[in-house]
Amino acid sequence: MDEITTTNTNKTVTEVRRMAHLKTMGLTILDENCICVNLWRPGATGLRMNLYKGSRVIQRISIPSMKEEGMDDFFSARLYGENLVQKLDEMSYDFVSDGEHFIESTAEVIAGRENFGKQGRLRARISNPEFDWSGERRRTIAPEDMVIYEAHVRGFTKHRSSGITNPGTFDGMREKIPYLKKLGVNTIFLLPVYDYNELAIREVPTGEKRINYWGYTKEAFYMAPKASYSSDPKHPDREFKTLVKELHKAGMNVVMDMFFSEQSPAYVLECLRHYATYYHIDGFRVISDLFNSKTVREDPILSHVRFFGYAWEDHPQDSENPMLFEMNDGYKEIARRFVKSDEGQVDSFYRGFRAERNGVVKVNYITAHDGFTLRDLISYDIKHNEANGEKNRDGTDYNYSWNCGAEGPTRRKGVQKMRIKQEKNILVMLLLGLPVPMLLMGDEFGNTQKGNNNAYCLDNATTWLDWGLLEKNNETFRCVRFLLKLRKELPIYHRKNHYSGFDHKGLGAPDISNHSKEPWNNNYPFYCRELGVLFYGPYLEDKAGMSYYFAFNMHWEAHDFYLPDITKGRKWEVLLDTAATSRKTEGLNEERTAFRMEPRSVVLLACPEDKPVRKKKGKTNDRSTDRKHKRVSKPASRRK
């Protein structure tokens, strides 16, 4: 037995045996009485493990090297002691080599960062992998049913208005699960929740107090859930597991954002396997130059979870349970420019609105943590990042936003009315497009950062959700719920096959087609700001055979949209109109074959199918279709 030095005769570790199980690095629990240690410390001449109670060292343990195997700086041992794991649960530890204290990169619980924004002496704790997952009822959400909600754990409930017992924690988010269910989202996309160093941030000349709020820093212990995000800082691992379990019980999935900088590919894969296995994480967005899909497709564990990225290579995958999701970053710019009436955006918007890709699931978003919130997108023309301490020089200048006539908060009724309509327009573009939508937390009730489009360094009311806005902006909240209800119910989003844009079954019209104010005309001049999108009923896997027509008028003038004549004896009905105060509108003409579109508005109409009309001659696809349509009377003007 190797020598054990201690400052206490009541030893926790009573025996050390040379060489542990070499399949895992760091500390691994073998059973309740044994822990394995495997560490590589390049150039080290020796290694000691210190056990602490509070700030006092209670035992020093020499870890033998594998010198006999020709590896002087690789250290491996099995540590024994009666009820060792239970005793270590109340302790912390670190390692000492050549006079330097350190923690291994695979540590699973970190002590010293229990208070966000403050740091003490860093040590590690043992994480017991045993956890009661009974009743979890975990399921994989199909892409056609998925609605993503991007959230920052601390900012989600830290504001005093959240009414949470433990604000800013995993437990605080757990308390809000009924709210998330009511909203209608089912996949929670978490910004970094591993133990990153929030104090690792560059200094600015103004001396402003700043903090790495988002967590994208290379100074992190990636395998340890963040202690300051836990109401029980000694066991953040258990609290995070409880959150994941409760989200799964509620029918939701959990995706983690992982930012790696200088770590090896082997370490990256080990971290991902760790969360997939011990925390039941459903997916990851991995930010690393060393990461690719081929690696995870061939991994026995990671091939069963989902990965979100920006440019996956083409390859076949399981259509029933695809693993690759592509963040459609370009849609953010296209949709913003279209909704603010920029020229030349119609065709690009249509392609983004219906974007699909074989083997990869598309994800659309218009706002995210790194930019304007939805409310700020319609309230500010320019960024206002003065609070960041960089003289408003940080953050992008290309926001493609429009303040609707006044910069920031205003009491002008006309501006307020326009903002409400623009907000609804954007929500329709996001939540009712074909790709999976990702909603930024708080956008459902008008959260604002006061024009700050780069609030990465602020941990205050600017980045914390003000839940008092939920009652104030309840109309926006109800709009989001209604749109997500439509997304869940309409057959548009639940087809097994992608839309082709052609009438490939000879049913009389393409499965999806694009139009201008005149049906079957899809030539868009540069100045055009009007778009119609038809989902043809006979191609939808729905017994009712309903056809659906989106009409987008992003012009500042009203326009008459003539609706496609696709059936006999059936009339179009309005499902939603962003320019109306209720779903019932007066924009339809008497024959219900044309609609008077208000400036900057979106309308969704439905038409039940009796049987498809006779197939027209010539090409029938979304770029060239028969432009003949029945002339009808003009739509009625709306009553004032």
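In strand β24, Gly532 is the bridge partner of His515. The model is a predicted one, in which local features need pLDDT of at least 70 and side-chain atom pairs count only at pLDDT 80 or more, while totals for chains, interfaces and linings use all residues. Residues are numbered from 1 along each chain as its sequence is written, and side-chain values use heavy atoms, with hydrogens and water left out.

β23 and β24 (residues 530-535) run antiparallel and are joined by four bridges. Strands here are DSSP E runs of at least two residues and helices are H or I runs of at least four, numbered from the N terminus; two strands pair if DSSP finds at least two bridges between them. Both strands belong to an open sheet of five, in the order β23-β24-β25-β29-β27, with antiparallel pairing. At the edges stand β23 (512-515) and β27 (573-577), each of which pairs on one side only. On average, neighbouring strands of this sheet are turned by 20 degrees against each other, direction ignored.

Helix α9 lies across β23, β24 and β25 (547-553), and runs at about 30 degrees to β24. Contact means heavy atoms within 4.5 Å; axes are lines fitted to C-alpha atoms, for helices over the stretch in contact, and angles run from 0 to 180 degrees between N-to-C directions. In α9 (residues 346-353), Val346, Phe349, Tyr350, Gly352 and Phe353 are buried. These buried residues fall within an arc of 165 degrees when seen down the axis of α9, so they line one face of the helix. The arc is that of the directions from the helix axis to the C-beta atoms. Buried means under 20% relative accessible area, exposed over 50%, and partly exposed in between (1.4 Å probe, protein chains only).

The loop between β24 and β25 holds Tyr536. Tyr536 counts as buried because its relative accessibility is 0%. Its C-alpha atom is separated by 68 Å from that of Gly54, 482 residues apart along the chain.

**Nonpolar cores**

A nonpolar core is a set of buried Ala, Val, Leu, Ile, Met, Phe, Trp, Tyr and Cys residues joined through side-chain atoms within 4.5 Å. The largest has 124 residues, of which Tyr149, Phe240, Phe284, Phe307 and Phe550 touch the most other members. Helix α11 (residues 413-431) gives the largest share of this core, eight residues. Another core, of 30 residues, lies apart from it and includes Phe95, Ala107, Ile110 and Ala224.

**Salt bridges**

The structure holds 31 salt bridges, each a side-chain nitrogen of Lys or Arg within 4 Å of a carboxyl oxygen of Asp or Glu. Three of them are listed here.

| Pair | N to O distance |
|---|---|
| Glu333 and Arg337 | 4.0 Å |
| Asp342 and Arg337 | 3.1 Å |
| Lys485 and Glu489 | 2.7 Å |

Glu333 and Arg337 both lie in helix α8 (residues 329-339), four residues apart, about one turn of the helix. Glu333 is partly exposed at 36% relative accessibility, and Arg337 is partly exposed at 24%. Asp342, by contrast, is buried, with a relative accessible area of 18%.

Lys485 and Glu489 are likewise four residues apart, about one turn, in helix α13 (residues 474-489). Lys485 is partly exposed at 46% relative accessibility, and Glu489 is partly exposed at 48%.
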